[in-house]
Amino acid sequence: GELFAIWRGLILAWDMGFRDVCCETDCHEAFILLKNDTSAANNDVTELTRRIHDLMKRSWRVELALIQRTANHVADALAKYTVVQNVDQVEWLIPNDDVNELLKHNFLD
């Protein structure tokens, strides 16, 4: 799930024209896979890491950052939202009021 979210997020960032991106994850395993460019035993994971690395090689700057799970309030709230709404994926071009409030509190912390 985490690698897919990173891949999808990078695609969205690229498509929206962002060229200097900090990609934060609280998943140590995903961070190590992407940072070390290692192959995984699972072919799906290997394919996804290859796709992410291909995206990162484009003409832009992508910084990977490992953050503490407790610092990831916005992502945690969004993940819970998808469970409550019983959807696999939600994309907002403009954050709704609830997400803006979370982002504001996250920025101020």
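This is a predicted model: local features need pLDDT of at least 70, side-chain atom pairs count only at pLDDT 80 or more; totals for chains, interfaces and linings use all residues.
Close-up 1. From Leu 48 to Leu 34 the distance is 9.9 Å, taken between C-alpha atoms, and the two residues are separated by 14 residues in sequence. Leu 34 is itself one of the buried residues of helix α2.

**Close-up 2. Helix α2 and its buried face.** Helix α2 covers residues 28–36, and within this helix Ala 30, Phe 31, Leu 33 and Leu 34 are buried. When the helix is viewed down its axis, the buried residues of α2 fall within an arc of 165°, so they line one face of the helix. An α-helix has 3.6 residues a turn, so residues three or four places apart point the same way. Lys 35 also lies in helix α2, but this residue is partly exposed, with a relative accessible area of 48%. Between the C-alpha atoms of Lys 35 and Ala 65 there are 9.3 Å in space, while 30 residues separate the pair in sequence.

**Close-up 3. The largest nonpolar core.** This core has 19 residues, and those touching the most other members are Leu 3, Ile 6, Trp 7, Leu 10, Leu 34, Ile 52 and Trp 60. Helix α1 provides the largest share of the core, namely 6 residues. In soluble globular proteins, nonpolar side chains tend to be buried together.

**Close-up 4. The largest pocket and its lining.** The largest pocket has a volume of about 1800 Å³, and its lining is made up of 40 residues, of which Ala 5, Gly 9, Leu 12, Ala 75 and Leu 78 lie nearest the centre of the pocket. Two or more lining residues come from each of the elements α1 (2–15), β1 (20–25), α4 (73–85) and α5 (97–108). Helix α1 gives the most to this lining, with 9 residues. Sorted by class, the lining holds 24 nonpolar residues, together with 8 polar and 8 charged ones.

Close-up 5. According to an unreviewed UniProt entry, the annotation "signal peptide" covers residues 1–23.

Close-up 6. The protein chain contains 5 helices and 2 strands, and, read from the N terminus on, the elements follow the order α-β-α-α-β-α-α. Of the 109 residues in the protein chain, 27% are buried.

Methods. Residues are numbered from 1 along each chain as its sequence is written. Side-chain values use heavy atoms; hydrogens and water are left out. On a 1 Å grid over the protein atoms alone, a cavity is a set of points where a 1.4 Å probe fits but cannot get out, and a pocket is an open set with protein on both sides within 12 Å along at least five of seven lines; lining residues have an atom within 4 Å of a point. Grid points are joined across faces, edges and corners, and a volume is the space filled by probe spheres set on the points. Helices (H or I, at least four residues) and strands (E, at least two) are DSSP runs, numbered from the N terminus. Ala, Val, Leu, Ile, Met, Phe, Trp, Tyr, Cys and Pro count as nonpolar, Asp, Glu, Lys and Arg as charged, and the others, Gly among them, as polar. UniProt positions are given in the numbering used here, feature names are shortened, and annotations may be inferred rather than shown by experiment. Buried means under 20% relative accessible area, exposed over 50%, partly exposed in between (1.4 Å probe, protein chains only). The arc is that of the directions from the helix axis to the C-beta atoms. A nonpolar core is a set of buried Ala, Val, Leu, Ile, Met, Phe, Trp, Tyr and Cys residues joined through side-chain atoms within 4.5 Å.
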